[in-house]
Structures are given as structure tokens and as C-alpha cells.
Amino acid sequence: MAIHQYALEKLQHFTLLATTTITAVGNQTGVDLAGYEGDIQIILNATAAGSGAAFACRISEADTLGGSYTAVTGGGFTDIGNAATKQVITLNSDNLKRFISFEVTGETGTASSSITVNGFGLAKYG
């Protein structure tokens, strides 16, 4: 078996936010990274937030599910503004706390956007 085939067999998908219309700031449910190793990619897809409106979004981390979440270095997305967007960030799960979550941390104007956030990473034991 080629190395790339082995890696693809270990590739796992996780959802940080199922497609949801967001109209206010807030935190989403955390995802447990205990079963992942190395780099993870987090993909945000969003519709436009509206004319003169925007959302600021980031990935945060905590030691426990529902614990005190703090911003992840390099975990910020470009604001969701008046255009649809697809953004990808790469983080090393080995350098993160056990749980991560997607957070909408700021709102400009009266924003509304349909947002989906998914992640991919290699399973530790696959």
C-alpha cells in the first residue's frame, strides 16, 4: 500500500458547525481532538452577512468540554462580510488543548449568514 493510501484511510471528518443561519455572536459545541494527531484543516463556508454587516469568527480551545475557551493562535478567520466565502485554516492538533469550538465573536450591523464549519484530520489509531 502506498503512503498516500494509508494516510487517506486515516483521514477523519468532524463537524464544528452544521449548516446554520447565524444572526448573533456565540459559541458552538466543542469537538474532542483526543483521537487526532498532527495537522487538522478547518473549512468555513458562509453566505454573505449582508450589506454593511459582518461577523468575526475564530477557533477557540479548552481543556474540558464546556470549559473556559480561549482563542487559538492562528485560529482566526477573515471576517464574513458582504460576499460569500470559503476559508481554510490549518492548525496542529498536537499543540491544541483537547477541545476546540467555533465562535462568532463580533457582529457589525445586522448580520445574518448561513455558515458551515467542518474539519479534517488524521486519526491517531486508524
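Strand β5 (residues 54-62) pairs with β8 through 9 bridges, in the antiparallel sense. Strands count as paired if DSSP finds at least two bridges between them; helices (H or I, at least four residues) and strands (E, at least two) are DSSP runs, numbered from the N terminus. The model is predicted: local features need pLDDT of at least 70 and side-chain atom pairs count only at pLDDT 80 or more, whereas totals for chains, interfaces and linings use all residues. Residues are numbered from 1 along each chain as its sequence is written, and side-chain values use heavy atoms, with hydrogens and water left out.

**Overall build**

- The protein has 1 helix and 9 strands, in the order α-β-β-β-β-β-β-β-β-β from the N terminus on.
- Its radius of gyration is 15 Å, close to the 14 Å that the globule rule gives for 126 residues, so the protein is as compact as a globular protein of that length. This radius is taken over C-alpha atoms, and the rule is 2.2 Å times the number of residues to the power 0.38.
- Along the principal axes, the C-alpha atoms fill a box of roughly 50 × 30 × 20 Å.
- Of the 126 residues, 40% count as buried. Buried means under 20% relative accessible area, exposed means over 50%, and partly exposed lies in between (1.4 Å probe, protein chains only).

- Opposite F102 in β8 stands I59.
- Strand β2 (residues 26-27) runs antiparallel to β8 and is joined to it by 2 bridges; N27 has E103 as its bridge partner.
- Strand β3 (residues 31-32) is also antiparallel to β8, with 2 bridges; here D32 is partnered by F99.

**The open sheet**

- Four strands form an open sheet with antiparallel pairing, in the order β1-β9-β4-β7.
- The edges are β1 (11-22) and β7 (85-92); each has a single partner strand, so one side of each is left without a neighbour in the sheet.
- The twist averages 15° from one strand to the next, with axes fitted to C-alpha atoms (for helices over the stretch in contact) and angles running from 0 to 180 degrees between N-to-C directions.
- Strand β4 (residues 36-46) and β7 share 8 antiparallel bridges, and D39 stands opposite N92 in β7.

**Salt bridges**

- The count is 3 salt bridges, each defined as a side-chain nitrogen of Lys or Arg within 4 Å of a carboxyl oxygen of Asp or Glu.
- E37 and K10 form a salt bridge at 2.9 Å, N to O. E37 lies in β4 and K10 in helix α1 (residues 3-10), so the pair ties together parts 27 residues apart in sequence. K10 is buried, at 8% relative accessible area, whereas E37 is partly exposed, at 31%.
- R98 and D32 meet at 2.7 Å, N to O, in a salt bridge. R98 is in the loop between β7 and β8 and D32 is in β3, so this pair ties together parts 66 residues apart in sequence. R98 is partly exposed at 44% relative accessibility, and D32 is partly exposed at 31%.
- In the salt bridge of E103 with R58, the closest N and O atoms are 3.0 Å apart. This pair links β8, which holds E103, to β5, which holds R58, across 45 residues. E103 is buried, with 3% relative accessible area, and R58 is partly exposed, with 28%.
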